[in-house]
Amino acid sequence: MTAPGDRIEEYLRTLRASLRTMPQETGRILAEAENHLREAVAAGLAAGLTEAESQEAAISSFGSVRTVVRAHEKSHGTAAVLVSLVMAAWKLAWTFLLALGAVGVVALIFDVTAGQPFVGASAPRTRFTAANCSYWMRINPGAHNCAQAAMLESSGDIVVDGVACALFGLLLFEGYFLVHHFWHRRGRQVRDVLPRAFFPVTAIIMFGALALGCGLAAAVKGARGAGPGEWLSGAIVCTVLAVAYVLRLRQVSFLRHAPGRRPGRAGWASGKGR
Amino acid sequence: MDREPVKGHLELLLLSVLAAGPAHGYAIISSLRTRSDGAFDLPEGTVYPALHRLEDAGLLASSWAQDDGRKRRVYALTDEGVAALAARQTEWRRFASAVQAVAGWSA
């Protein structure tokens, strides 16, 4: 049992939220830290200190959460940092490809609701040569003219490209989790030693910039042969993702700082080692 | 005492403490402090990653043990750990005597 206001409990809670280790390893680190601190408190009490003084002294000798976390992170080495970066890039790649799939879906909705010219309008002042005009007309024989044929083609392309990207993204997603599963089955871990905020911040920057770029392109009524609907689809999906990662970042910060969050005791008291 | 040199030799120091017999983290750290007469006074929480590293390298083995109603992780030298300790002690002695010879003082 821990008394209310127990500083050891508070320290362990902060340590737990700050560690960038796999659950089993975190459990062991916390169990050892708790045993050590409780032992140090008992020694302090035996030496005549009060409970509060003993806890203060135990925590002070153990080191700040930052110091302890850094010591555990340093023990990971450069290889672990590189593996974490590769895994983060991999995750970002499948997130991006799945986002392109979502862009295709939104574009399809615009195709149906606002009409294909909204999504696939060809760039203004486009000049069609006889050769490429006959090419567009051959692909879309129902079109009234070259510009309409090109527009119909580009409005369909965004949906088809989105589906292709989503399928490739799903393959990368599957591979990502297979790697985790493979390492886990071999009794090893793919440790993420990067700061918790690293991935959300990277995703916010990437999707935020893309949302802004797509929004601007949509505002100037399309660019590079695409209609405003295509850019608007991109802006909507990227904005949703950027906002989702802002919320994720807030959650990560909350986990790190929330004083009232009480992790399950099993998290650190029942660690069974590696 | 400056902590940096201690960190550089922490693994040798931990292996040396465990040469006396298996011990849990708190006892290892207390022994380190007592045997160095307080000179090796590191933040205690930073010693555990070194113990984990030694275990990953196969120089230590550990298991949970129940003692006085308290569950503790007890560390012990493996055969590889004993050999590594002997090698590092030899290396350290050679280094210390070389420094001693160059610095021109005797212990």
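User: Which residue with a positive phi follows H4(B)?

Analyst: B:Gly58 follows H4(B), and its phi is positive, near 85°. Helices here are DSSP runs of H or I with at least four residues, strands are runs of E with at least two, and both are numbered from the N terminus. This is a predicted model, where local features need pLDDT of at least 70 and side-chain atom pairs count only at pLDDT 80 or more, while totals for chains, interfaces and linings use all residues. Residues are numbered from 1 along each chain as its sequence is written, and chains are lettered from A and ligands numbered from 1 in the order in which they are written.

User: Why is H4(B) called largely enclosed by the rest of the structure?

Analyst: A residue is buried if 20 or more other C-beta atoms, placed from the backbone, lie within 10 Å of its own, exposed if 12 or fewer do, and partly exposed in between. In H4(B), 7 of the 10 residues are buried, so the helix is largely enclosed. Among them are B:Val47, B:Tyr48 and B:Pro49. For chain B, buried residues make up 31% of the 107 residues.

User: Why is H2(B) called roughly perpendicular to H4(B)?

Analyst: The axes of H2(B) (residues 10–18) and H4(B) come within 10 Å and cross at roughly 80°. Axes are lines fitted to C-alpha atoms, for helices over the stretch in contact, with angles from 0 to 180 degrees between N-to-C directions. Angles under 35 degrees count as roughly parallel, over 145 as roughly antiparallel, 65 to 115 as roughly perpendicular, and the rest as oblique. That is why H2(B) is roughly perpendicular to H4(B).

User: Which residues make this contact?

Analyst: H2(B) brings B:Leu10, B:Glu11 and B:Leu14, and H4(B) brings B:Ala50, B:Leu51 and B:Leu54. Two residues are in contact if their C-beta atoms, placed from the backbone, lie within 7 Å.

User: What makes A:Val163 partly exposed?

Analyst: A:Val163 has 15 C-beta neighbours inside 10 Å, so it counts as partly exposed. A:Val163 sits in helix H8 (residues 146–185) of chain A. Not counting residues up to four places away in sequence, A:Val163 touches A:Gly101 and A:Gly104.

User: How many residues does each chain give to the contact of chain A with chain B?

Analyst: Chain B gives 17 residues and chain A gives 17 residues. On the chain B side, helix H3 (25–35), helix H4 (47–56), strand S2 (60–67) and strand S3 (70–77) each supply at least two residues.
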